[in-house]
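Take a look at the picture first, then read on.

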Amino acid sequence: MREKGAALYRSIRAALERIENQTYGYCTSCGCYINRKRLDALPWAELCLDCQEANESQRDELKSDSAGCESKVFEEDLHVSR
Ligand SMILES: [Zn+2]
């Protein structure tokens, strides 16, 4: 639990730095805007869903194409609002 707390603290610190740099809300990996609902649930998120998923399942090389980023975000929004 202690380590998890420290990691969370670092993530929040990093988010605050991104607010200062005015890059908050943008994926630190591909640069696309992070889903608003995702930011509501996880305000210190550094990665968009695409990059997060790619991170978690790196064997799936199809995810490395970020071109579909925006449409995917809208799909997510639809799922959440239903
Ligand atoms: Zn991304």
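**A helix out in the open**

Helix α1 has 19 residues and the number of them that are buried is zero, so α1 lies largely in the open. Keep in mind that you're looking at a predicted model. Here's the rest, by topic.

**Overall layout**
- The protein is built with four helices and zero strands, and from the N terminus on its elements run α-α-α-α.
- Of its 82 residues, 10% count as buried.
- Take the contacts between residues at least 6 apart in sequence: 35% of them join residues at least 24 apart.

**More on helix α1**
- α1 covers residues 2-20, and at 1.5 Å a residue it should span 27 Å; its end C-alpha atoms are 27 Å apart, so the two agree.
- Just after α1 comes Q22, which takes a positive phi of about 60°.

**The nonpolar core**
- Which residues make up the largest nonpolar core? There are six: C27, I34, A45, C48, C51 and A54.
- As a rule, nonpolar side chains in soluble globular proteins tend to be buried together.

- The average pLDDT is 81, and 70% of the residues score at least 70.
- Where pLDDT is low, the predicted coordinates should not be read in detail.

Note on methods:
Residues numbered from 1 in each chain as written. Predicted model: local features only at pLDDT ≥ 70, side-chain atom pairs only at ≥ 80, totals over all residues. Core = buried A, V, L, I, M, F, W, Y, C linked by C-beta atoms within 7 Å. Buried ≥ 20, exposed ≤ 12 C-beta atoms within 10 Å, placed from the backbone. pLDDT = per-residue confidence, 0-100. Helix = DSSP H or I, 4+ residues; strand = E, 2+ residues; numbered from the N terminus. Expected span 1.5 Å × (residues − 1). Contact = placed C-beta atoms within 7 Å.
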